[in-house]
Every structure is written in C-alpha cells, then in structure tokens.
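I opened my notebook to look up a few things in this structure. Here is what I wrote down, entry by entry.

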Amino acid sequence: MDFRISADDRVGAQPNRGAKPQARAAKGQRVEPSLGQSVGGFVDDERSGGPIGGGGGNGGKPPRGKKPARAEKEPRRGKAEMAKPKKRRSRSGGFLMGLLWWGFVACLWGGLAVIGVIVYYGAQLPSSNSWAIPDRPPNIRILAADGSLISNRGQTGGEAVTFRELPQYVPAAFIASEDRRFMSHFGVDPIGLIAVAVESVQAREVTRGASTLTQQVAKNLFLTPDQTLGRKVQEAILAIWLEQNFTKEEILELYMNRVYFGSGATGIEAAAQTYFGVSARNLSLGQAAMLVGILPAPSAYNPKANPQRAIERQRLVLNSMAQEGYITRQEADAAQISSDQGTVRTVVAGSESYVADWVESLMTAYIGEIKDDVVVQTTIDWKMQKDAEFAVREAVANEGAKRGFSQGALVAMDVNGTVRAMVGGVDYQASQYNRAVTAKRQPGSTFKPFVYMAAMEKGYTPDTLAEDAQFEYKGWSPRNASGKYAGTVTLRQGLAYSLNTIAGRLAIDVTPEAVIDVATRMGISSHMTPVPSIALGTQEVNLLELTSAYAPFANGGMGVIPNVITKITSKDGTQLYEASDAGPGRVVDPNVLAEMNDMLKTAVEVGTGKGANLGGWDFGGKTGTSQNARDALFVGYTSAMVTGVWLGNDNDTKTTLSGGNVPASIWSEFMTKAHAGRSPVAIPGGSYQGQLIAQQLIDPATGQALIDPTTGQPQVQYVDGGTGQPVQTMTDPATGQVVAIDPNTGLANPNLAPVGAGTSTNPPIQTGQMTDPTTGLPINGGFDQTQPQYDAQGQAIDPVTGFPLQADPNAGLNNAPIDPQTGMPMVLVVDPATGQQVWVPGAPAAGQQQFQGQQIQPASPFAPPAPVGQQQQPVYQNENSQRTLMDLLFGN
C-alpha cells in the first residue's frame, strides 16, 4: 500500500475548518486509508493540537476535477505494512551527556562571572605602573656605650634582615608551615584552594586559610585586613604582580620582615629580640620553629602569653619541616621542647627599656623626622645599668611589704652629666611609666641645699648661727619632722639634721625668688612657685633633673645638662648627630662650693644621711622625705659620680620610709659597685686663691685669743687663701681696707683682694629676726644692736665695730670647778658648735688646748665646728638652756 503525504499532513499543519468529520467504521470493520489521509492522527493531535485534514484544507473532500479514490481499489504497489518502531536512546547516556552539557555551560558562565568580578575589583586598584613596595617604617637601634644592643624602637620594634643573613632553617620554617608550594606556584595556589575547599566541606566549616605567602605579603603591603570578596580578589591580583616582578627570595624576605609576631614585634628580628633576646641571625632551630608557630594567632600562641600552646605549635612546625625534607626527624626531635616542661625561657624586658623609651622620645629634637633606620650610641654602662636594676628590685622585694612601698627609681651619671644608668621602675613588663624622667614628685629635704646655697651667696657661712624654734610667717609655720627643736645651731647642723625651721627661716630671709634662681642655675628645669614652703621641697621635680642639679657640687661648680646620647648615625654610617661638651659653665662660686661641700659632707657623716656608706671615698649627699613619707629620696655624689634614688608608690600613699634608710642603702650598694677598681679622689673643696684670709692668733697655753697689748684687741694675722702662708699687710687710710703688701716692691699686691675694715667675715643670722621679703624690713622689730653678736667660733662681736670683744682670760677662774680626774681647775672656753662658753679640763702637757679631743687651731671663718656628742661632755654653766643639738636629738 502506498502512502502520500500532503502539505496538510505535516506536523503542525492547520486543519480544514470546513471539512466534515468522517463517519466512523463499524466495530470490527477494517478501514483502508485513502490517498492524502494519515494513519494515527492522535499522535499528531497531541503534537499539533488538532486533527489534520486530508487534502488541501477542504474538509476531506477531494480536489476539484478529480474523482475520489475508491476504498475497495487495490493499491498499485503491493500490500500495506506496519511502520517499524524507531530505536529509543539510553536514558543513562542522555543524562550524562546532559550533565556534561550543562556543566560546560555552567563553567562557561561561571568563568565569565569570575572574569567579570576580577575586572570589576581589579579596576578599583590603581594603575599597575604605579604599584611599588612601600617603605618599611624606620627602626631606631639603641646601643650601650660598649656597643651592646639595648633595644630597638620604632613602629616595628626591630631592623630588617636579608634572606641570606638568616640560618637556612629560618625561611624553611616559614615555607613548611605557611606555604609548602611557595617555590612552585605563581602567587595563587589552585591546589591549595581545592584542598581547603574539600576539607571545609567535609568539616562543614572553614578549616584553614588558603592564602599563599605571596598573597599575605600583598595583603600586608597594600590592603586592609577586611575579609571580603573584593579584598581577596585584589589580593590575588597583587600576588600575581609580585611574582612577576620579584624573586621568591625577595618575596619571602618581605614577608619575614613585615609579618606581625605579637607583643609589639613586627618582623623576624624584632620577634627574636622580643621573645629570646637574640638576633634573628642567631636563632636556634627550636626558636625559629616557635616563632613561625606564632603566626596564625600571635596573641594566643606566643610563648609569653601561653607557653603550652607555643610548645604545641612548635611541634607542628618542626613536623612539617621534617615531612618536607628541610630537616631530619632526629633534628626535629632534638629541637622540640617537651610538653611536660610547661614553660619557655623567654627574655624579660629589663630596666634598659626605660632608657630606650627616653632615647626614642629625644630623637625628633636631635635629628628631626626619622625617615630611615638609624643607630643611636648612648652613654649607658651596661654593667652599671644591671647593678642599678638589681639594687632597686632587691630593695623593693625585701623591704617593700613591711615599709609600704612598691616602686623605685635610680639615676646615675658622671659629674659632667653623662648618664650611666637609669631605672624607671621595678618591672618594665608590668609598667612602662618612667619614674625617673616622667614622674614628678616632691623632693623633700633633698631640695634644701639650694636654699642653703642661696644663703651662702648672701654671705652666710656653715658656722652662722640660727634659731631652731617654731615660728609663724604669714600663716605658715614649719615643723621639724622629729617634733623636737634644738635652739641655737649652726647652719651646718641645720642642713645635716634637716631642720625644717632653719630652712624656712633662710628661704624667707634670702627670698623664695633667690632660691628658685639658685635651683634653676644648678639644673632644675621644672616650674616652681616662689613661696616660703619651697624650702621644704614642696615643689615637684623629676629625679633626673634633681640628680643633675647636684653635679656642680661634685665637679667643681660647673653646670651640666644630662646627656644620654653620644652619636646618631644612619645605617650606612653617615653621622647625623654628635654630642658636644658645651654646657652652662660655672654656676657656683668656688667659695660657696667649698661651704656647700663642707655641709653636705657633714650630712652624711653625722646627719640624716649617715646610713650611706662608701668605703674610702670622700662623698656628700642629702636625704629627703616628703609629707607622710610618700616619697623617700637620697642624692649623693663623689668626685666621680652623682646618683639619686627615689622610693614610693604610684598612688602617692604613705610609707614608713625615710631618705636615710632604704634609699641610702640602695645608693651605697650601687655606688660601691660603680666605684670598684677606682682610686678615691676627694670632692672639690673650692679655692680661696687670690683672697686674704684673717685668722685670730690663739694662745696655746690658755686656748684664748692673743691680745695686742698696744690696742687691747685680739691679734689677727692674714694669710694667702691660696697658699695658707702669712702675708704682710697694711691698712689703707683712705678706705680702711686691709691690703696685702708685696715684699719685693712694698706696694699693694693686686693678686690678693683686700679685706674691708669693720666688717665681720662671718655675719650671723639674726636669731629670731627675719627680713620680710616683700618690704625688706625686719620682722618683729628688728635686731637689738645693744646685744652682742657672735661669729662662727662663738666669739662675741661688737655689733657697732664688728671686731671681737675682749674677753677676760681670768674670768671665772676663782669660781672654776675642779676636774675630778686631775684635781686641777677647769678652763672656760667657747664651744664652737654652739657658740656658748663651757668648762673643760685644763690644758694638756703639750701646751695646746684640746676640746673634746680636737686641737684648737687658729680661728678661721671656714673652720669646721668641733664634733659634739663625744664621750667627754662639756660642763655647761646653764645646762638646761645650753644643751647642744646632739644632746636633744639623742636624749642626753
């Protein structure tokens, strides 16, 4: 049977709407298809949506002019056969092909999306021709006087090191732990990305990062630490750029010098110094592995914060190095710290860090803005620094709890102001606050030497008498710390025993402005208010300036500027700064200097500073204790060094300290070590070169002044202040001055200054009489000039003429008490310590009068007072009113 398909029989052809439906065949009757009609029109109904017509759209009617075929007519070409069914495709094969197809499509679109993201975020970066490695922040390398490293300062905390300066296992540790395929990838590690993705899917969380070392360098150099898609894309772009422009060694060097290791250390050198106190060039295998182990979490894995975790991280790094073949298993086991150890030996920042902080703060003033690495040579003596640190720490540890203090500071310098040691606190790790430079505290009585120096410059001497008694001045009434008052004392005794009333009287008399002028000239730079209480050290200063202000006493009167830096150079050796010897020059007159050293020596020999000891060395010093003992200080000096010590609490609470106990003990311990191996040299005594010095002649038989029979006045001889030799003199009738005569010419000697007539060489403080600094008038009515005055040796002075009053050598002889030891009458002499007359045993056989073991020499206005408080006590005419200072202080 032959089939012919008309155009209407095509799939999707429109049916002839005018055609009438064919009559269905009776049940069981065979229907022969006619020409132009299709078989199975339901199939096409389903595909095309309607019945298909038989012809040209005429509803099944044959075309005009043609007769319809008969159903009974046999086909012209054989029998009709059933169509063979088509082979069906395998469902599984179709699925895989579809999967591949759609996978390809997805990859295509995904690739386009990735390219789009890269282009989008890459376009936000600057032009690649402007990309450059930013400069590393400059490092300040601070060295001690012997060249040893004190510390590194700057933003990084350490200098940069090159790849080839390091042991081979240091960079190997970075590669094995952080990026095993670093030497082979192109900046981004696709294998690593896939591995991390698989691990994260299996663990259902992000297990670790997938950034390469190069990407981390890119992030550290150019980008912010934000964890965003855009930053990661830019990181990958920059990593590829780095790989194209730098070698692997250069990239790894950049990474090692700029990665953060915690505790303020950036870079491998800073980390090595911070944690182990060694250069990165000298790191051991175990130390290198521990430092690399810190990197994933610097605050949690560093050995100072968590030694157990640091040990575990070290083990992981060493294992990775062994697996990658950088070290052997035996080397890894040998370098590993046992987990049972529990601690890691790390370096502790010592007191030298206070020095480093101070040096860093000075850099801008010395060389301006720092743009490149610099090397700073300091004056610090490393051994002295450690000795000072030990002395302060031990004192706080041993005495702090029972005496109520927790902090200490020390400054030591040569007499020219060169700082040799500085301790700013007990523990730098716990507190970086520098109590030697930054903190300002009340100096207490350590400020009194400046008050006494102002008095010496006004004309007073150490033997000038003053009244130790309570007084009130404009509402201010100073009290002695002991609550006791000694009556009439010398200024030497007033300073030695730190009598507040004497210092207060002096400050009022010379004026607080004069005290400030002296203190400033000596080296105090802090602001001070001119009030009388300045005499008691109520104005706050820092320990550095206070210590330097004592240096002129030690060096002969020359002002100093504390100096800790000798030289600053660039890394290539270019000199940027060098210290000079220039200074303020002379700030103390030699005569005043001699008087001050005389008094300050007495203060440590018998006064409040006698707790200080420095065997074989001549030294002076002064203690200081502020109100309620909140601050305790001792500042002392030799001809070689000056050292100041402070103890107290940061919260300014009271203690049970005094400047003469623990601070003096620390001073003694440190200074003894600092002077070891040196030959003792006396402190400067000043010079009287070019001055005439008047001395009374003393009768060795009686101990009394020799009387000139022609004038009835005590005999006086004049000596050259420089040589101590007697000189010929005459009185100038025009001026009344005593003038030295040159024996060769018979004319006045211009090299010796004349002595004014009728003036006392040692004017006393008017006991109980003070001058109002605002008016210049005497307080309480002035001084009664009808009463005799006394010179430094207790000799009565005529207030009108200024000459000594003649004393009757036989006065009281008939009423003299009998010496129970010899049975001889005792002799009435003047106690040079108090200015009072006392009975002493008769003259010894040698013919020279002795008083309490001291030979009485020709009187001098600068002669030290006789020691008091010996076993043989003088017999006083009025015991209750004439007790000495030592008697009162020690209860005799």
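Entry: I began with an open sheet of five strands, in the order 5-4-14-13-12, with antiparallel pairing. Strand 5 (419-423) and strand 12 (620-625) are at the edges with a single partner strand each, so one side of each has no neighbour in the sheet. From one strand to the next, the twist averages 5°. Helix 21 (residues 590-605) packs on this sheet, where it touches strand 12 and strand 13 (631-637), and its direction makes about 65° with that of strand 12.

**Entry: my ground rules.** The model is predicted, so I noted that local features need pLDDT of at least 70 and side-chain atom pairs count only at pLDDT 80 or more, while totals for chains, interfaces and linings use all residues. Residues are numbered from 1 along each chain as its sequence is written, and side-chain values use heavy atoms, with hydrogens and water left out.

I also wrote down the terms. Helices (H or I, at least four residues) and strands (E, at least two) are DSSP runs, numbered from the N terminus. Two strands pair if DSSP finds at least two bridges between them. Axes are lines fitted to C-alpha atoms, for helices over the stretch in contact, and angles run from 0 to 180 degrees between N-to-C directions. Contact means heavy atoms within 4.5 Å. Buried means under 20% relative accessible area, exposed over 50%, and partly exposed in between (1.4 Å probe, protein chains only).

Entry: Strand 4 (residues 407-414) runs antiparallel to strand 5, and four bridges join them. Met-413 stands opposite Val-419 in strand 5. I then followed strand 12, which pairs with strand 13 in the antiparallel sense over six bridges. Here Gly-621 is opposite Gly-636 in strand 13. The hairpin of these two strands has five residues between them, and in it Asn-628 takes a positive phi near 60°. Is strand 12 enclosed or open? Five of its six residues are buried, so strand 12 is largely enclosed by the rest of the structure.

Entry: I found another open sheet of five strands, in the order 2-1-3-9-10, with mixed pairing. Strand 2 (149-154) and strand 10 (575-578) are its edge strands, each pairing on one side only. On average, neighbouring strands of this sheet are turned by 15° against each other, direction ignored. Strand 9 (residues 565-570) pairs with strand 10 in the antiparallel sense over three bridges. The bridge partner of Lys-567 is Glu-578 in strand 10.

**Entry: helix 5.** I picked out Gln-216, which sits in helix 5 (residues 213-222). Is Gln-216 buried or exposed? Gln-216 is buried, with a relative accessible area of 15%. Leaving aside residues up to four places away in sequence, Gln-216 touches Glu-178, Ser-211 and Tyr-255. Helix 5 as a whole is mostly covered, with seven of its ten residues buried. Among them are Leu-213, Val-217 and Leu-221.

**Entry: the whole chain.** I noted 23 helices and 25 strands in the protein chain. Of its 892 residues, 45% are buried. Among contacts between residues at least 6 apart in sequence, 65% join residues at least 24 apart.
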